[in-house]
Amino acid sequence: MEVIAITNQKGGTGKTTSVLGIGSALIQMGKKVLFIDLDPQSNLTRGLGMKHVFLTSADFMMGKDKCIFNSKVSNNSLIPANDALYAKESELMGFSALPQNLLKKALDKVKDRFDYVLIDCPPALGLYTINALIAADSFYIPMQAGFFSLEGLNKVLRVTEQVRELNPNLEFGGVFITKLHPNDRRIVAKDIINSIRETLGRKFLDIFIREDISADESQIKGKLLHDYAPQSRILEDYTMLTNKILKS
Ligand SMILES: Nc1ncnc2c1ncn2[C@@H]1O[C@H](COP(=O)(O)OP(=O)(O)O)[C@@H](O)[C@H]1O
Ligand SMILES: [Mg+2]
């Protein structure tokens, strides 16, 4: 089992969409995927078509069984979220002397059942994100085209350096660009991409996820991309990213 976290403390950079896109590509490759929603906003949960949530990732972290829901779509399971995760954060703090290790401990018990675990993080560097990074083998950062912020990136990387003391095996997979307007590629490449390349070196994955209405539509329908729009350019781009992830 390989655990991958998608994180960025900024909202709207394409975290949830990337978890769904990478998951879709992995499922198409025949892999068994477990999705974990750690965001109280629950966009991943809704994007996978689940509406009524009684047991969440916070319950899973507290050792409760039956938090893993199997979707109608084959090879796909979900540990969902709901807005109770906001309040549960302080409950989790008091639940254990090592609250940052709860997700890892819970995942260790189910690891034989999945090829890949994809964790969707909230837009904050709090307890849920720390849990994700301690449970993860690697993490990736999506950045929105045109909104690259060195300061934002450095903030994430500083936190992960601290987490690495607790999880020395944590690998920084790299940064990729999301929501690229199909006509923007040359313009963005000129101005921003060069500075990203300079800063990140080979940690810039040179992957550009193009803007595609299928992102919104599939999530509203609660369907994965390979099911909703198998020919879409966004799935093509996420498949390219996934191949790169699998090779690293
Ligand atoms: N490649 C894309 N093309 C078009 N819309 C996108 C794309 N990626 C993300 N979006 C949309 O942008 C919004 C924010 O993306 P989301 O994945 O929810 O970001 P985050 O999880 O980081 O907050 C969502 O409405 C999503 O559907
Ligand atoms: Mg999200």
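Guide: What follows is a walk through the sheet, strand by strand, and then through its surroundings.

This is a predicted model, in which local features need pLDDT of at least 70 and side-chain atom pairs count only at pLDDT 80 or more, while totals for chains, interfaces and linings use all residues. Residues are numbered from 1 along each chain as its sequence is written, and chains are lettered from A and ligands numbered from 1 in the order in which they are written.

The sheet is an open one of eight strands, in the order S3-S4-S2-S5-S1-S6-S7-S8, with mixed pairing. Strands (E, at least two residues) and helices (H or I, at least four) are DSSP runs numbered from the N terminus, and two strands pair if DSSP finds at least two bridges between them. Strand S3 (69-70) and strand S8 (204-210) stand at the edges with a single partner strand each, so one side of each has no neighbour in the sheet.

Strand S4 (residues 76-79) is in turn joined to S2 by four bridges in the parallel sense, with Asn 76 of S4 as the bridge partner of Val 33. Asn 76 is buried, because 22 other C-beta atoms lie within 10 Å of its own; a residue is called buried at 20 or more such atoms, exposed at 12 or fewer, and partly exposed in between, with C-beta atoms placed from the backbone. Leaving aside neighbours within four places in sequence, Asn 76 is in contact with Ile 27, Val 33 and Ser 71, where contact means that the C-beta atoms, placed from the backbone, lie within 7 Å. The C-alpha atoms of Asn 76 and Phe 114 are separated by 9.2 Å, although the two are 38 residues apart along the chain.

Strand S2 (residues 33-37) is mostly covered, with five of its five residues buried. In a regular strand the side chains alternate between the two faces of the sheet. Here Val 33, Phe 35 and Asp 37 point one way from S2, and Leu 34 and Ile 36 point the other way. S2 also runs parallel to strand S5 (residues 116-120), to which five bridges join it, and Leu 34 stands opposite Val 117 in S5. In the loop between S2 and helix H2 (43-47) is Ser 42, which has a positive phi of about 55° although it is not a glycine; Ser 42 counts as buried because it has 23 C-beta neighbours inside 10 Å.

Val 117 leads on to the largest nonpolar core, which has 68 residues, and Val 117, Leu 118, Ile 119, Ala 132 and Ala 136 are those with the most contacts inside it. Such a core is a set of buried Ala, Val, Leu, Ile, Met, Phe, Trp, Tyr and Cys residues joined through C-beta atoms within 7 Å. Helix H6 (residues 127-135) gives the most to this core, with seven residues. Beyond its neighbours within four places in sequence, Leu 118 has contacts that include Ile 4, Val 19, Val 33 and Phe 35.

S7 is largely enclosed by the rest of the structure, because eight of its ten residues are buried. Lys 179 is in strand S7 and has a positive phi, near 55°, in a residue other than glycine; with 22 C-beta neighbours inside 10 Å, Lys 179 counts as buried.

Ligand 1 is surrounded by 18 residues, the closest being Lys 15, Thr 16, Thr 17, Glu 211 and Ala 215, where a residue is near a molecule if its C-beta atom, placed from the backbone, lies within 6 Å of it. The elements giving two or more residues to this shell are helix H1 (15-28), strand S7 (171-180) and helix H9 (214-221). H1 is itself mostly covered, with 13 of its 14 residues buried, and H1 is followed by Gly 30, whose phi is positive, near 90°.

Terms used: Contact = placed C-beta atoms within 7 Å.
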